[in-house]
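Please open the model in your viewer and keep the selection tool at hand.

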Amino acid sequence: MAGQAGMASPFVKCKLDEFFWEWLSLPETQKLVRQAIHGAKTGEIAESAAPSPHFSSLRTSPPGRPSPPGGPRLRDAAGAQDGSSAAPSATDAQSQAYVPQPPSPRQRANLEPAPLAPGQSAVIPRFWWPKRQRPADQLPSETRQAIHDIFVKQGMTDGIRTHQQLAPIVTDVFRLSKYFVVPIFHKIKVFFDIVDSSVKSKQSLLNPSPVPITEQMLVSWCQGKIQPDDLVLSFFYVVKKEHNDYIEREDFSVFLMAILLTHPGLDFLRETQEFQDRYADTVISRIFFVYDKKDVGRIYLSSLRRYRPSVIETWKQLADHDDIKMVRDYFSYEHFYVIYCTFWELDSDHDFLLDKDDLLKYDGHALSRRTVDRIFSETPTKFTSAVPGKMGYEDFIRFLLCDQDRQSERSMEYWFHIFDLDGDGSIRDHEMKYFYEEQVQRMECLNYDTIPFGDILCQMNDMISPHAEGVFRFSDFKKRRKFAGTFFSLFSSLNKFLAFEHRDPFLAKQEQMDNPNFSDWDRWCADEYLRLAMEEGDDGDDGDR
């Protein structure tokens, strides 16, 4: 027991120090300290309120110490002798139900530091407050008032009947994307059994509500879902199902349908249902690629707060661009077109499944067979096609994003698992040589000069600078993210290997300067889209002749 107490004492001391500094950072405490310093200088004793409800007990005299005449302890004792019990003070009542709450943004803005006396040091106020895990059960009064003002301004005395009437509340009060208006309108109608939840057709989404949605009904639906000062929390609780604490793929379907029905940049897709479905699948797959790191088919609130680019902000950007190609993250039609056409070119029998031979044709037969075998072993990630030995469209999207943007952490993790043959958490020389042997054979068949493996290994050591030479761990690649893609490309893709050997550093620098905000994925999609457009134009010219 003595040993355990000795081990626990540093932890206890640390927690006490933490509580002390938190108490010392409170504005009331600072006021008390300033008054005490002033009293010590002037010789006066300043009476002040306790800095917190729990501090009142600390200011009473300890047992065995005489209290000043007329002090509260003597008065309480006298009252007890008379048989009358002292009524609980307001401070005691507060201490029983005291729950610290972060100050509002307005209160934080009004907290001005008091001028410091000579020789007095500044106390850093508390600057971090934990994020909420769920919206408040009751809407803030200012939010309810804002909703009421819009009802009055628009003269909606009988309630909301169309999604256009709901739009200013969603965008101005909830601060969500305007492309959330139609889905929220539908969810409110489902919540009050106005329409069937299984019906998500164009008619049910855009048609007026047969029963008007009153202000009271809207506020009732918002409670527990909308947190105006936390967009991530509002987004999460609006999208997910009521009984889940995560977002599933199908939860996004009504939101993507709303974009396809109302965004002017997608008007040309409204008559082609197949392409609408594929576009929605592509966008959802890209969202889950970023936020569902474990490939479990769920997005949790913590992931929404942590990973970038933010899907919430990107959704809001859709309202700023009529040309949806201008929104590169998640929703770009240009990116969808490239992904879909690349898959279609590989899927020779058009069953929307790829086998090993199909994937070997990717990028002009660039991938080695050993790399393809590792991909189809489902070591880096499990396939979702439910057909053994087949890669589905969603699986191909994941592979393509990892292949064309090898500097992202998700991509590095994907390729690291491919090269870590024995699964010991590191890539060693024999594993690199296993993949490089096939690269040498392919270069010899094409009459290219080959490079000895020892030289390649030395070059990789210089490029990645692993902690232990010749042993490459995932942490080494994260530190040298800029060169991680080159490392994996040299051992898996012949085209990327040759491009690296014959690279023009000045041309690469110029491409970076031309589009500094573009990722490798963005640049590849732009090049592929141009190639596909030129091929389509050539096919059209041949048809005319």
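In which helix does F336 lie? Select F336 in this predicted model: the residue lies in helix α16.

**First stop: F336**

F336 has a relative accessibility of 2%, and it counts as buried because this value is under the 20% cut-off. Now display the residues around F336. Apart from neighbours within four places in sequence, F336 is in contact with F275, R278, Y279, T282 and Y393. Select A280 as well: 56 residues separate A280 from F336 in sequence, while their C-alpha atoms are 9.4 Å apart in space.

**Second stop: helices α16 and α20**

Two packed helices are described by the angle between their axes and the distance between the axes. Select residues 333–346, which form helix α16, and then residues 393–404, which form α20. How are α16 and α20 arranged relative to each other? Their axes come within 11 Å and cross at roughly 115 degrees. The two helices are therefore roughly perpendicular to each other. The crossing of α16 past α20 is right-handed. On the α16 side, the contact is made by F336, I339, Y340, T342, F343 and L346. On the α20 side, Y393, F396, I397 and L400 take part.

Is T381 buried or exposed? With a relative accessible area of 7%, T381 is buried, because buried means under 20%. Display the side chain of D295 too: a polar contact of 2.8 Å joins it to the side chain of T381. Leaving out neighbours within four places in sequence, T381 is in contact with D295, R398 and Y414.

**Fourth stop: backbone features**

Most residues other than glycine have a negative phi, and most peptide bonds are trans.

- Select R308 and P309. The peptide bond from R308 to P309 is cis, with omega near 5 degrees. P309 lies in the loop between α14 (301–306) and α15 (311–317).
- Select H350, in the loop between α16 and α17 (356–360). H350 is not a glycine, yet it has a positive phi of about 55 degrees. With 38% relative accessibility, H350 is partly exposed.
- Select H365, in helix α18 (residues 362–365). H365 also is not a glycine and has a positive phi, of about 60 degrees. H365 is partly exposed, at 47% relative accessibility.

**Fifth stop: cysteines**

A disulfide is a covalent bond between the sulfur atoms of two cysteines. How many disulfides does the structure hold? The number is zero. Select C341, which is buried at 17% relative accessibility. Then select C445, which is exposed, with a relative accessible area of 65%.

**Last stop: the whole chain**

Finally, clear the selection and display the whole chain. The chain has 545 residues, and buried residues make up 40% of them. Coloured by secondary structure, the chain contains 28 helices and two strands. Among contacts between residues at least 6 apart in sequence, 61% join residues at least 24 apart.

Terms used. Residues numbered from 1 in each chain as written. Predicted model: local features only at pLDDT ≥ 70, side-chain atom pairs only at ≥ 80, totals over all residues. Heavy atoms only, no water. Disulfide = S-S within 2.5 Å. Buried < 20%, exposed > 50% of the residue type's maximum accessible area, 1.4 Å probe, protein only. Helix = DSSP H or I, 4+ residues; strand = E, 2+ residues; numbered from the N terminus. Polar contact = N/O pair within 3.5 Å; in protein donor to acceptor, adjacent residues only side chain to side chain. Contact = heavy atoms within 4.5 Å. Axes fitted to C-alpha atoms, helices over the stretch in contact; angles between N-to-C directions. Parallel < 35°, antiparallel > 145°, perpendicular 65-115°, else oblique. Left-handed = near helix turned anticlockwise from the far one by under 90°.
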